[in-house]
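Please consult the sequence and the coordinates alongside the text.

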Amino acid sequence: MPSISILLVLLGICPQIEGFVLSRGRAQNQLSWGEARAKAATTVAQLERNELKQIIRGSHFAATGSPDVGFYVGNTPAIHRLGIPALKMQDAAQGFRATEPKTDGTTTAWPCMLALASTWDEELVGLVAASIGDEFKGKGANVILGPSINVHRPAAGGRNFEYLSGEDPYLGARLTRAYVRGVQDRGVMAVAKHFAFNEQETNRMNMSAKVGPRTKWELYYPPFKAAVDAGVGAFMCAYNKVNGTYACHNHDILVQDLKTTMGFKGFVMSDWAAMHHVDALSQGMDQEQPGQIMLGSDPVFGVLMDSVVSSLSRSVLDVAATNILTAVYRFGLDVEPSCTPPNCSEELHSDQTSTETLGHPHHEVALTAASSSLVLLKNKDGLLPLTKDKATSLAVLGLAAWDESHKYFVGYGSGYVSPGSSAKTPGAAIMDRAAKAGITVTFPKTENLTEAVDVAAAADVVIVVVGTPASEGVDRARLSLSDYGDELISAVTATKKPTVVLMQTPGAVLTPWRDEVAAIANIFMGGVGTGDAWASFLFGDLAPRGRLPIMMPATETDVIPVSSDEDVDYSEDLFTSYRSPSLKAAFPFGHGLSFTSFEYNKAIASSTDCTTGAVCVTVEVKNSGQRDGEELVQAYMHFPNPSGGDDAWAKQTPDIVLRGFRRTKVLKPGESQHLRFEFTDEDLSLYSPIAGGWVPQTSVEICLGASSGDLRQKLAVDLSSDSTR
């Protein structure tokens, strides 16, 4: 069993995270891809035509938008005579989505994927993924419809909270590998989605993303390539079009890019009702989901109706079925098939919230993940953490502080997971922890703004808890806070009392009051552990360790807007987020404070003593503050003379791009640690359509810093002669 230090360090017990490593080899029941494909081909040769159609299309999904009782969101039936198991698929944005009647609250509401991205912690993401995988197995499911890994484009994207990559392909790739391995090492197949360019909800059923090859491969494809490299079992093609052709019918992205160039070996399923015509089966898609949508006993929607399947050649059906069964056998789903719908009632009604994974209780892992995702954006004059010396009384304001529906703990749509009755409101958690510190807490009895200001004026420190929601199916209309949160903060700051703003958000928000408050922190929809995470943070029980996986814009114009056009031109190319010279940040990508401070010294680059990389860099990080803490060092590449394309191509190269990050152990005041980065040829390359692929660069400047806006050490490297300076 791995060490539990990953949890203990966050509770202030253990000095560093170490020892938690998920398996990187094959699980006990897994075959190699080659063995699995050979077995699949043998099985498919024995399948009757009626059995083939059961494999290539889903079933038991009603016109009401829910699966039949005893079934899952996606289903294919078992074929017992050949030992083929049922595929049982469920949504997974924040854990196992409860669709069976009377099962809300029986699975853990995990931090959303964007919250996991803000941990910048592969080991923790792997542990959360493994835990989710175990809850899926406990519920009888064997396919998790995730991870969602699209790189953000518009800041107001309705599903941004679902996407593990945040705004960066390198960060997304690192975390995607960890998530896929974490889930699949528990015997549950992962599905990478939504492939590709599903970056907004507006017109998602018919909009066409116009994207060039460099933008595809450098900015939006790396997390999907990482999923392939991690051995993901399936992909889900998106609703939208790509360069004029629906994603599920798009030979260029499914066959050429995914299956050929990336080397994907599993199968491609459609998003729900994203298949438009039978020709998708010859363009790289293998399975229609949810298949025939039923109204009573009659199929009313779907492409692969019985009559259509009967008209298809056996070879087309065989290819799709072979791809699907290859993934089934690769992960040994036939060896441990579990229940067969509709006889899954016991599993579907089971309570998974008390489950343990690798010795870690899920409620503890959920709290650890929420706490690790918390990003401290501002802390003027070291107001936080709070002690009785700094404040004997607190005012806790904001509807989000006392909202027992926990509407800002989770996102909405197909990934919704109820936080359940065990979730504490932020206000209740803060009050409990303040009592232990001997600090009194007051709060308004009504929603009246004047009363809130009066309560604030009577306290030593004011805590304002605010948030805003998001949902699949609709993009956010604005980036402002909900429930008059901005107005409340502005009114409270007029009292001149030190004010701490705690934000629960689905993505980027505007902070027009940021210069008037003492401290700001953010959690991206942190799930069931949100309230306790806030309390532990405020009183210094654990230090903030999250970093922004997006940038918080300075104004509403400092974002890529959602487009209402049917043809959405990605004309900004690579210049999104921190890569854009024109978009200004209130808080930059990668930003996140600790309760202490750090110095970076003695950065050295070398290409002669690297064992696995093309260039290695070491840097000394010293805790120069007064409290224990850990630092996340980020490495950005600047390519001063891009080579491999023409002048126009060179001008489309961003000033800096993330290509590395490493975290120190928990350092005591005055303690130092040397971190070592090893950069591969790919890390030092740019994609050139003219050259037909990735081009290693001969000149690079490696920039080390605490965020994209705080670069502290720069090293120029000349790779043409393998020398450094």
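The sections below treat the basis of the model, the disulfides, the remaining cysteines, the salt bridges and the surface patches.

## Basis of the model

The structure is a predicted model, in which local features need pLDDT of at least 70 and side-chain atom pairs count only at pLDDT 80 or more, while totals for chains, interfaces and linings use all residues. Residues are numbered from 1 along each chain as its sequence is written, and side-chain values use heavy atoms, with hydrogens and water left out.

## Disulfides

A disulfide is a covalent bond between the sulfur atoms of two cysteines. Here a disulfide is assigned to a pair of cysteine sulfur atoms within 2.5 Å, and by this rule the count is 3. With the bonded cysteines counted along the chain, the pairing pattern is 1-2, 3-4, 5-6.

Cys237 is bonded to Cys248, with the sulfur atoms 2.1 Å apart. The torsion about the S-S bond of Cys237 and Cys248 is about 105 degrees, so this disulfide is right-handed. Cys237 belongs to strand E7 (residues 234-237) and Cys248 to the loop between strand E9 (245-246) and helix H9 (251-261), so the bond ties together parts that are 11 residues apart in sequence. Helices (H or I, at least four residues) and strands (E, at least two) are DSSP runs, numbered from the N terminus. Cys237 and Cys248 are both buried; buried denotes under 20% relative accessible area, exposed over 50%, and partly exposed the range in between (1.4 Å probe, protein chains only).

Cys339 and Cys344 form another disulfide, with an S to S distance of 2.2 Å. This link of Cys339 and Cys344 is right-handed, with 105 degrees about the S-S bond. Cys339 has a relative accessible area of 8% and is therefore buried, and Cys344 is buried at 0% relative accessibility. A disulfide also joins Cys610 to Cys616, at 2.0 Å from S to S, and both Cys610 and Cys616 are buried.

## Other cysteines

Cys703 is buried, because its relative accessibility is 2%. Cys112 likewise counts as buried, at 0% relative accessibility.

## Salt bridges

A salt bridge is a side-chain nitrogen of Lys or Arg within 4 Å of a carboxyl oxygen of Asp or Glu. The search of the whole structure finds 30 salt bridges.

Among them is the pair Arg545 and Asp121, whose closest N and O atoms are 3.1 Å apart. Arg545 lies in the loop between helix H17 (530-538) and strand E21 (552-553), and Asp121 in the loop between helix H4 (113-117) and helix H5 (122-138), so the contact ties together parts that are 424 residues apart in sequence. Both Arg545 and Asp121 are buried.

Arg314 and Asp318 meet in a salt bridge of 2.8 Å, N to O. These two residues both lie in helix H11 (residues 314-330), 4 residues apart, which is about one turn of the helix. Arg314 is partly exposed, at 29% relative accessibility. Arg712 forms a salt bridge with Asp710, the closest N and O atoms being 2.9 Å apart. Arg712 is partly exposed at 34%, and Asp710 is partly exposed at 28%.

## Surface patches

Patches are made of residues with over 30% relative accessible area and no salt bridge; like charges are joined within 9 Å, and nonpolar side chains (Val, Leu, Ile, Met, Phe, Trp, Tyr) within 5 Å. Accessible areas come from the Shrake-Rupley method with a 1.4 Å probe, and for residues only the protein chains shown count as cover. Lys and Arg count as positive and Asp and Glu as negative, whereas His and the chain ends are not counted. The place of a charge is NZ of Lys, CZ of Arg, CG of Asp or CD of Glu.

Asp565, Glu566, Asp567 and Asp569 form a negative surface patch. Asp569 is part of strand E22 (residues 567-569) and is partly exposed, with 38% relative accessibility.

Leu295, Val300 and Phe301 make a nonpolar surface patch of about 290 Å². Val300 is located in strand E12 (residues 298-301), and its relative accessible area of 45% places Val300 among the partly exposed residues.
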